[in-house]
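Hello,

Here is the structure I promised to pass on to you. Please have a look at it first, and then read my notes below.

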Amino acid sequence: MKNIDSKTHVRGESVYLDDIPLIEGTLFACVFDSPIAYGKLRSIDTYEAENSLGVVKVIIASDLIGENQIGGVVPDEPLLADGEVHFQGMPIAIVLAESEELARKAAKKITADIEPLEPVTDPRVAAANGDLIVPPKKFIMGDCETAFAECEHVFSGLTEQNGQEHLYIETQGAYAVPTEDASIKVYSSTQGPTAVQRAVCRVTGLPMHRVEVDVQRLGGGFGGKEDQANAWASICAVGAQLTKRPVKYALHRMEDMRMTGKRHPYSSDYKIGLTKDLKIIAYEVTFYQNAGASADLSPPVLERTLFHATNSYFIPNVTATAYSCRTNLPPNTAFRGFGGPQGMFVIEAAIVHAAEKLGVSAADIQRNNLIDDGDEFPYGQKAESDAITSWTQGDAEFNFARLQKEADDFNAESKYFKKGVAMMPVCFGISFTKTPMNQARSLVHVYTDGSVAVSTGAVEMGQGVNTKIAQVAAKVFGLPIDKVKIHTTNTLRIANTSPTAASAAADLNGKATQMACETIRDRLFDVAKGLVEAEAVENLSLEDGHVYRNGDRTSLDWKTLVMDAHLQRVNLSEHAHYATPGINFDWSTAKGHPFAYHVYGTAIVGVTVDCLRGRYEVDYVKCCHDFGSSMNTAVDNGQIEGGIVQGLGWMTMEEVVYDDAGKLRSNALSTYKVPDIHSVPKEIAILPLQTNRENLAVLNSKAVGEPPLMYGMGAYFAIRNAIKAFTECSPEFDAPFTPEKVLMNLYSE
Ligand code: MTE
Ligand code: MOS
């Protein structure tokens, strides 16, 4: 079944923030942001801007009625700079004008007197200065020190990973409308309507029941709108509060790239120890996360790095330490994988390091150490593992040895083109690692004409969550999908939502929807029992718009049943609450059972490197992926393909460049290269893992949003293998592998 949005998407009729019809009197906001990365803000001169054509108001920190604070996890992020600036692009003043153009023109006339201070952009420097966002976090299992002493082979090294620009097609933005009695309605392009509501309440001083946040859909979020939508919504809300007029702000691409944070770059140290027969028995890793100027979501991202530090492997002795380092870059934030990919890259690099030194295939070490049923992750949860099955099923279908041989044969014949192949197992935990966030609600109304309206806390951002939720309701009621309408995500209909993140939106909100629909269905069965003279409600079912009795279709159709129930004064609405059972985590011991389940998969990635030019192509990504039993293969395959390409981009061509002064140099699509249609793999093969395991996913259909991104790491190591087929060298583990870096390594001798 197609995504229910596909028709309005291709007709251009889908509504995004910028498509909301404007109310008369709407003002347009534009931010004046810091031109330097770190300094003392002595004064701001807004006089000329205030007296510019069409300008209604200029707002600085001291104008705020509420608190000048939007930090969601740690209160360390002022909405507007006050006394100091902490990154290039930090908002200092807001201009409100009668048109977008006039607002932008006036913002250019603002000047600030800033005494420059020495910025820090390197996380290791920040750590050495003791400038951490939160105290270091640690996972310990077993005893590394003793284990290393017993190892036959020990290798240590360093990895660097750069960030990644989200590049959602729809830029950040919001539209705030003042409503009766000092209330505000905010339309926001956010993954977290409640996060926006809280931030808006803080900066305006309003209680939450006076702030309504509404989200139709996003043109992509990828984690970038989980907390980072708060600023723009707050800016519009403050403007609306102070002028009593609607205020809109939709960022231009370059503003968005300059002012918002990205995937966290990490610098990491590893030490890996193996026995004679290539069992990894000790692993020590230290992560330096480049958090940027304020916490944003860095602490939970850092935690997920630790959770995924051993990827799909069982290692009995692990010490993993993580530092969230404060630098003068825009606050880095959630990005598909949420720190998990950064953790996994390091163990994969360590394995490749060991394999190269020992003269074996990395795949041999990987295969030899996959986590098995009952093995314990460093955080105490016992694995119900499909790491080995996904590897074996993938290998049986795609034949790694054959693909490797094909590459070797090709390389023996070809002088200037070389092929490389790599295996990439992935294991990703599903649930917010902060247990209280694993809850969701759904509000379902059945109307007297038989149509169904559903509201949940899930935000549609292209991942197809609305389609899946509609499928759940349609399935429970035995209706065609067009009888179900999924409405906007709105804080008045669904309160206290968790953001749509952690790949868990369909599970959490789908389960709540299933519960609400089943409650209504059971009430309807009580009514139907009398109407079709069934002995018990257990004999009844709903299918293709009719009531069935003992498996036979009756003449009672859905619409008649609904109307009858209404006339009997039966409640046709339900608001259900779902909280994932059985999960917990205790940070005082750093042990628990944080995940409802894990998603496993194994990919084989093949590339061809042009060894004269340093260019490369990804020939294929073939994966065996654990969907559970997919509810919608069109949507899920789309997620896998999109995730893979985004992961390839992160690992290969996407290069975020800040100079030493903290200025973003890759600040537009001309200087920041993302995968286009020519750079997607020539083949993406997806083999669904066959397994009969039960899981906590909605209708057994496992979360799919983030895990496939990490298959993209395979391209990094495949490129490395191709380079090594051309020349003897040992490239540093420094991602992404841009064509420039490939070329330098090809000719490093
Ligand atoms: N797919 C599209 N098309 N657009 C997006 O913004 N975000 C990803 C993933 N897939 C995203 C996407 C991220 S970061 C997450 S956490 C999940 O979708 C969230 O949605 P889900 O919980 O419904 O999987
Ligand atoms: Mo996704 S990074 O959890 O929004």
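In these notes a residue is buried if its relative accessible area is under 20%, exposed if over 50%, and partly exposed in between (1.4 Å probe, protein chains only). Helices (H or I, at least four residues) and strands (E, at least two) are DSSP runs, numbered from the N terminus. Accessible areas come from the Shrake-Rupley method with a 1.4 Å probe, and for residues only the protein chains shown count as cover.

The model is predicted: local features need pLDDT of at least 70 and side-chain atom pairs count only at pLDDT 80 or more, while totals for chains, interfaces and linings use all residues. Residues are numbered from 1 along each chain as its sequence is written, chains are lettered from A and ligands numbered from 1 in the order in which they are written, and side-chain values use heavy atoms, with hydrogens and water left out.

**Covered elements**

Strand β16 (residues 417–430) is another one to look at: 12 of its 14 residues are buried, so the strand is largely enclosed by the rest of the structure. Its partner is strand β27 (residues 597–610), joined to β16 by 14 bridges in an antiparallel arrangement. (Two strands pair if DSSP finds at least two bridges between them.) Within this pair, G420 faces V607 of β27.

**Salt bridges**

A salt bridge here is a side-chain nitrogen of Lys or Arg within 4 Å of a carboxyl oxygen of Asp or Glu.

- E115 and R42 form a salt bridge, with 3.0 Å between the closest N and O atoms. This pair links distant parts of the chain, as E115 sits in strand β6 (residues 111–116) and R42 in strand β2 (residues 39–45), 73 residues apart. E115 is partly exposed, at 29% relative accessibility.
- K137 meets E303 in a salt bridge at 2.9 Å, N to O. Because K137 belongs to strand β7 (residues 137–141) and E303 to helix α9, the pair ties together parts that are 166 residues apart in sequence. K137 and E303 are both buried.
- E574 and R523 meet at 2.4 Å, N to O. Here the parts tied together are 51 residues apart in sequence, because E574 lies in strand β24 (residues 573–579) and R523 in helix α15 (residues 505–531). E574 is buried, with a relative accessible area of 19%, whereas R523 is partly exposed at 22%.

There is also a network of salt bridges that links K419, E617, D619 and K682.

**Surface patches**

Patches are made of residues with over 30% relative accessible area and no salt bridge; like charges are joined within 9 Å, and nonpolar side chains (Val, Leu, Ile, Met, Phe, Trp, Tyr) within 5 Å. For charges, Lys and Arg count as positive and Asp and Glu as negative, with His and the chain ends not counted. The place of a charge is taken as NZ of Lys, CZ of Arg, CG of Asp or CD of Glu.

Which residues form the negative surface patch? They are D143, E145, E150 and E284. E150 lies in helix α5 (residues 144–150) and is exposed, at 57% relative accessibility. E284 is in strand β14 and is partly exposed at 33%.

A nonpolar surface patch consists of Y416, F417, L612, L743 and Y747, which together have about 440 Å² of accessible area. F417 belongs to strand β16 and is partly exposed, at 38% relative accessibility.

**Backbone details**

Most residues other than glycine have a negative phi, and most peptide bonds are trans. With that in mind, here are some spots to check.

L278 has a positive phi, near 65°. This residue is in the loop between β13 (266–274) and β14 (280–292), and is buried at 16% relative accessibility. L699 also has a positive phi, near 50°; it lies in the loop between β29 (683–688) and α18 (713–726) and is partly exposed, with a relative accessible area of 28%.

Finally, A735 and P736 are joined by a cis peptide bond, with omega about 5°. P736 lies in the loop between β30 (733–735) and α19 (739–746).
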